[in-house]
Structures are given as structure tokens and as C-alpha cells.
Amino acid sequence: MTPAPSVAVICGSRSDLPALRGCFDTLDRFEIAWESSVISAHRQPEALAAYVRDAEARGVRIFIGAAGMAAHLPGVLASLTARPVIGVPLDGGALGGADALYSVVQMPPGVPVASVSIGPPGAKNAAHLAARILALTDHALAERVAVFRTEQADGAEVGIDPRAAAQGRQ
Ligand code: AIR
């Protein structure tokens, strides 16, 4: 039987899904059960409220909301649930994601959203942050997070030839 999702990833449009690939891959890497939905806070506000109620009842513990332009999705999620909400601002138009960043990060007091950086790097970090939160009460997951951190630390390259390294990147 597949475990009930503990992380729900919601984005405002199908056009956002490619930017979220790293989020889903990272959740998989940490063996965190997740589900994803496309529900716009502006276009489908009632469906969003109904979804959050249902997801909470099914045991979702963390919500990740990703949207571009006037990205109110994470903030609306935080208005609908007391569980942690992580917001991913996406680059959806003329302002290069700055519009979404300000919308996500500038929440009024009492309605918190943890904003990550713009676009795919932020999408990955949303999953890393969710893993760290869940690891507080999940020892096995804490071990997996520790392994990741060790592997990442092993990536330091001391005394490299910068020209060879640059070529190696091509
Ligand atoms: N969006 C959708 N509803 C509210 C917002 N802010 C965002 C989507 C997407 C952008 O608007 O998250 O990043 C453009 O959506 P679309 O569907 O026109 O491609």
C-alpha cells in the first residue's frame, strides 16, 4: 500500500510544472510521499479551500505552493491551514519572478509563508526544507537528510586547474 502523502505540492498552472521537477525529484530522493495538484488561488479559489480541507484530513503535514506573476497561492494556503506552508515564487512573466517573490515573501504578520528562491533552485529547496521539517519527528528521514548533507560536503574541489574544470563543465 502506498503511504499517505505528507507533502502536498500545489501550483497555479500546468505551465508551472516543468519548474517544479527538482522539487518532486528531491522529495523522491528523501522517500517522502507527496501529491501534486494544479489549483489557481485566483481562478479556482473555492476548489483550493476544499482541497486543503481534504488534504489535511488525509494527513498532509506540509503544503508547498508555487506560482508565478501575482503569486498569492502560498499566502492563500497559509490562510486556509495552520500547517507549514513553503512558497516557491516562479518566473512567470515580464518581471522575471520578482513579482512572485514579493507576493510570496511579503506576507502580513500572523500568516507565515516560508519563501524560497525564485524558480527551479527554489523548488528544490522547498523539498529540502520540507524534508528538514519532517525530519524533526522522523528519525529515518533525519538519517537520509544527514547522508545528503555529507555527500554535498564531499563535493568540495580543492586545488583545481580552473581551465580544465571549466572544460569539464561543457
Ligand atoms: N497564476 C495562476 N493563477 C494565479 C497565478 N498567479 C500564475 C501561474 C503561472 C502564471 O500565473 O502560477 O505561473 C501564468 O499562468 P498560465 O496558466 O496563464 O500559464
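Visitor: Where does Met69 lie?
Guide: Met69 sits in the loop between β3 and α3. Helices (H or I, at least four residues) and strands (E, at least two) are DSSP runs, numbered from the N terminus. Residues are numbered from 1 along each chain as its sequence is written. The model is predicted: local features need pLDDT of at least 70, side-chain atom pairs count only at pLDDT 80 or more, and totals for chains, interfaces and linings use all residues.

Visitor: What phi does Met69 have?
Guide: A positive one, about 60 degrees, although Met69 is not a glycine. Most residues other than glycine have a negative phi.

Visitor: How does Met69 count by its C-beta neighbours?
Guide: Met69 counts as partly exposed because 19 C-beta neighbours lie inside 10 Å. The cut-offs: buried is 20 or more other C-beta atoms within 10 Å, exposed is 12 or fewer, partly exposed is in between, with C-beta atoms placed from the backbone.

Visitor: And what about the phi of Glu31?
Guide: Glu31 also has a positive phi of about 60 degrees, and it is not a glycine. Glu31 is in the loop between α1 and β2 (34-38). It is exposed, since 11 other C-beta atoms lie within 10 Å.

Visitor: New topic. Which residues of the largest nonpolar core touch the most other members?
Guide: Val7, Val9, Ile64, Leu77, Ala126 and Ala130, out of 45 residues. At least two residues of this core come from each of β1 (7-11), α1 (21-29), α2 (45-58), β3 (62-68), α3 (73-80), β4 (85-90), α4 (98-105) and α5 (120-135). A nonpolar core here is a set of buried Ala, Val, Leu, Ile, Met, Phe, Trp, Tyr and Cys residues joined through C-beta atoms within 7 Å.

Visitor: Which residues is Val7 in contact with, leaving aside neighbours within four places in sequence?
Guide: Leu27, Ile32, Trp34, Val60, Ile62, Ile64 and Ala130. Contact means C-beta atoms, placed from the backbone, within 7 Å.

Visitor: At what angle do α1 and α5 pack?
Guide: About 25 degrees, with the axes 7 Å apart. Axes are lines fitted to C-alpha atoms, for helices over the stretch in contact, and angles run from 0 to 180 degrees between N-to-C directions. The two helices are therefore roughly parallel. The classes: under 35 degrees is roughly parallel, over 145 roughly antiparallel, 65 to 115 roughly perpendicular, the rest oblique.

Visitor: Which residues make the contact?
Guide: Gly22, Cys23, Thr26 and Leu27 from α1, and Pro120, Ala123, Lys124, Ala126, Ala127 and His128 from α5. By class, the contact of α1 with α5 has six nonpolar, three polar and one charged. Ala, Val, Leu, Ile, Met, Phe, Trp, Tyr, Cys and Pro count as nonpolar, Asp, Glu, Lys and Arg as charged, and the others, Gly among them, as polar.

Visitor: At what angle do α5 and α6 pack?
Guide: About 140 degrees, axes 8 Å apart, with α6 covering residues 139-153. That makes α5 oblique to α6.

Visitor: Which residues meet there?
Guide: Ala131, Arg132, Leu134 and Ala135 in α5 meet Leu141, Ala142 and Val145 in α6. This α5 and α6 contact has six nonpolar residues, no polar ones and one charged.

Visitor: Last one. Where is Val38?
Guide: Val38 is in strand β2. It is partly exposed, because 15 other C-beta atoms lie within 10 Å. Not counting residues up to four places away in sequence, Val38 touches Cys11, Ser13 and Arg14. Asp28 is ten residues from Val38 in sequence and 19 Å away in space, C-alpha to C-alpha.

Key:
Two residues are in contact if their C-beta atoms, placed from the backbone, lie within 7 Å.
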